[in-house]
Amino acid sequence: MKPFILATICITYIFIASMVSAQGKTYDDVRLFQAFFRDTPISLTPYGEAIASYDDYDQSSSSFIGIQGGFPLLDKLEIGTKVGMIYLDPDNRGSETDLSDCMISGRYNISEYMTFLPDGTKTSAGAYVTLPVGSEDVGEDNTDYGAFAAIRHPIARNTALTGVVGFDWLETANIRGEKDRDFSLLLGVGAIYSFSDQIHVVGEINHRSEDDYMLLTGGVDYELKIDHHLRTAIGAGLDDGAPDFTLTVSYLIGF
């Protein structure tokens, strides 16, 4: 039922985007929190973000401290990466701290090919892979890969809608510890609201089909000065596979 609800939201979004003409900006300098790498903007310059996050589950909690960012390879192509340290604290055994897998992604601006969409709409498509450099002790050491398509559309002078559809092939371990691969569908929608030139509110809801994951987040992107963004978001899980509570704090710099 929950995937059906989110699919309905996505269809409604597409309908609105197709019916409403562009009246504002897509706020390409404001990055999403959940779909950071599955988004439409292609940066003209390199950027990096120091990030710290905390996830609380029923029987465990985890924290992540690391870096993520991207750089333009061509006018319409951006390469991104993310890596860091994970602290895992299960209730039924001792805590572990170790390296995460390294994610490498790429996305390409396909807006010029999507001529059937309203003026002002921006679209990108891309793919990613995780390099298994992390530790099994913190749930890493997996080679995952996937592809996605993302969209942004301005619906008002100070509001833009966002959306993403992703296809993931995830490496998982069964009860015998043997590696297997599962397919997961990602559906996500969001909105960016501009209070001022410096302050933007970012809302997102994302669903993954494989692990019964649905997460709602709300965050604030505050531009302290040009290309320097202080960002924070909180989230609540809406399904069993998502954390009950999430907190993210980060600092993004454009170079």
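How many salt bridges does the structure hold? This predicted model holds 9 salt bridges. The structure also holds 6 aromatic pairs. The points below cover some of these contacts and the residues that make them.

**Salt bridge between R152 and D39**
- R152 and D39 form a salt bridge, with their closest N and O atoms 2.5 Å apart.
- R152 belongs to strand β7 (residues 145–156), while D39 is in the loop between α1 (2–19) and β1 (47–56); the pair links distant parts of the chain, 113 residues apart.
- R152 counts as buried because its relative accessibility is 0%.
- D39 is buried too, with a relative accessible area of 2%.

**Contacts around R231**
- A salt bridge joins the side chains of E49 and R231 at 2.7 Å, N to O.
- E49 is in strand β1 and R231 is in strand β12 (residues 228–237), so this pair ties together parts that are 182 residues apart in sequence.
- Both E49 and R231 are buried.
- A network of salt bridges links E49, D221 and R231.
- R231 also has its charged end over the ring of F33, 4.2 Å from the ring's centre.

**Contacts around R208**
- R208 forms a salt bridge with D211, and the closest N and O atoms are 2.7 Å apart.
- D211 is partly exposed, with a relative accessible area of 31%, and R208 counts as partly exposed at 26% relative accessibility.
- R208 lies over the face of Y213, 3.8 Å from the ring centre.

**Aromatic residues**
- The rings of F36 and F37 form an edge-to-face pair, 4.9 Å centre to centre, with 75° between the planes.
- F36 and F37 are both buried.
- One aromatic cluster is formed by Y145, F167, W169 and F183.

Terms used: Residues are numbered from 1 along each chain as its sequence is written. This is a predicted model: local features need pLDDT of at least 70, side-chain atom pairs count only at pLDDT 80 or more; totals for chains, interfaces and linings use all residues. Side-chain values use heavy atoms; hydrogens and water are left out. Rings of Phe, Tyr and Trp (its six-membered ring) pair if their centres lie within 6.5 Å; planes under 30 degrees apart count as stacked, over 60 as edge-to-face and the rest as tilted. Buried means under 20% relative accessible area, exposed over 50%, partly exposed in between (1.4 Å probe, protein chains only). A charge sits over a ring if NZ of Lys or CZ of Arg is within 6 Å of the ring centre and within 35 degrees of the ring normal. A salt bridge is a side-chain nitrogen of Lys or Arg within 4 Å of a carboxyl oxygen of Asp or Glu. Helices (H or I, at least four residues) and strands (E, at least two) are DSSP runs, numbered from the N terminus.
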